[in-house]
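Open the model in your viewer and keep the selection panel at hand. The tour moves from one element to the next.

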Amino acid sequence: MKDIIREYEIKYEEQVLLSYNGKGSDELISHMIELAKNKLDKIESNVTLKKRVMHIIIEILQNIYHHKVEFSLVDYQTFVFYLFQKDNGYILVSGNYVPGAKTKIISDWIDHFSALSSIELKKAYRRQLMIGAFTHRGGAGLGLLDIIRKSNGNVDYKVVPVDKDYSFFLMEVKIGC
Amino acid sequence: MKEFVLKETNKTPKITFKPRSGLLEISGKSIPENSAQFFDPVIDWINEYVDKPANTTTMIIKLEYFNTSSSKYLVEIFRKLEILFKSDKNVLIKWFYEEEDEDMLESGQDFKEIIQVPVELNMI
């Protein structure tokens, strides 16, 4: 797992805007969101792109926070998050522990929706929004679909098995590049 | 029925609901980690309002950011307004977006598509 994270660090070494590797908390997530906003306010003049990146950052970080709550074992609460600037766009890399059985559900979801056209994605998003079904955590369940839609399907992932119960799920989202 | 007022925070929007004039406004950021905790009292107030509404209800939405769990609650609020609209009350949702914010415009279009209440999209 560390090797894969290191690969990202080396690949985008020159363009890192924000990086974090450690345990999370509500307060930390809030600070990271603020920090990312301050950085983007300084360097990005395209309002749509800036707000799109912020929107995806918020969804990713809050999603990680919600999943963290499920874990009773502190060892599984570590996550990584990187924001890179590349060409005229941005790359977000996040990683967190996910129960092995759930990785297939998430990866199938990404595979399915990232293959859709923008019109199909819009329809799928509206359908999901209309259903109004909440998950037990109070999340909306359509966060991932929103990330896929706003990044035009530029979502990639890697699953690194850790032990018999958990895998580390790494997601790479490209926006505007 | 009392006015419902909440101050804006760095994660939750300013809310000003005035039952007598029927002017209901949500503005700022809506990115709470626990959306249920924030929105449950809002929904409770709307439920009460729907039972005894003003003749005209105007909901103003001026959001800078909102997370997807907030969007589900917005749908829930709009569904309540649908009840009023279907009972022949005047109801209008005014959705505001910044000129260069394509995604906020698109979000307004998403709601307009799925909600059976007139939605007016306004550039700030």
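**Stop 1: a covered helix**

Select helix 2 of chain B: 14 of its 19 residues are buried, so most of this helix is covered. The model is a predicted one. Now check the helix length, residues 68-86. Step past the helix to B:D88, where phi is positive, near 65°.

What does helix 2 of chain B lie across? Show strand 3, strand 4 and strand 5 of chain B; the helix lies across them. Against strand 4 of chain B, helix 2 of chain B runs at about 170°.

**Stop 2: the sheet**

Select the strands of chain B. They form an open sheet of 6 strands, in the order 1-2-3-4-5-6, with mixed pairing. Strand 1 (4-6) and strand 6 (119-123) of chain B stand at the edges; each has a single partner strand, so one side of each has no neighbour in the sheet. From one strand to the next, the twist averages 15°.

Go to strand 5 of chain B, residues 90-97. Its pairing with strand 6 of chain B is parallel, over 5 bridges. Pick B:W95: its bridge partner in strand 6 of chain B is B:L121.

Next, show helix 1 of chain B. This helix packs on the sheet and touches strand 1, strand 2, strand 3 and strand 4 of chain B. Its direction makes about 15° with that of strand 2 of chain B.

**Stop 3**

Select residues 23-30 of chain B, which are strand 3. Is this strand largely enclosed or largely open? Of its 8 residues, 6 are buried, so the rest of the structure largely encloses it.

On one pairing, strand 2 (residues 14-18) of chain B runs antiparallel to strand 3 of chain B over 5 bridges.

On another, strand 4 (residues 56-66) of chain B runs parallel to strand 3 of chain B, joined by 8 bridges. B:S30 has B:F66 as its bridge partner. Trace the chain from strand 3 through helix 1 (residues 35-51) to strand 4 of chain B: this β-α-β crossover is right-handed.

**Stop 4: over to chain A**

Finish at A:T48, in helix 3 (residues 47-70) of chain A. Its relative accessibility is 6%, so A:T48 counts as buried. Display its contacts in chain B: B:E100, B:D101, B:E102 and B:D103.

Methods: Residues numbered from 1 in each chain as written. Chains lettered and ligands numbered in written order. Predicted model: local features only at pLDDT ≥ 70, side-chain atom pairs only at ≥ 80, totals over all residues. Heavy atoms only, no water. Buried < 20%, exposed > 50% of the residue type's maximum accessible area, 1.4 Å probe, protein only. Helix = DSSP H or I, 4+ residues; strand = E, 2+ residues; numbered from the N terminus. Pairing = 2+ DSSP bridges. Right-handed = clockwise from strand over helix to strand, strands pointing away. Contact = heavy atoms within 4.5 Å. Expected span 1.5 Å × (residues − 1). Axes fitted to C-alpha atoms, helices over the stretch in contact; angles between N-to-C directions. Lists of a residue's contacts leave out its neighbours within four places in sequence.
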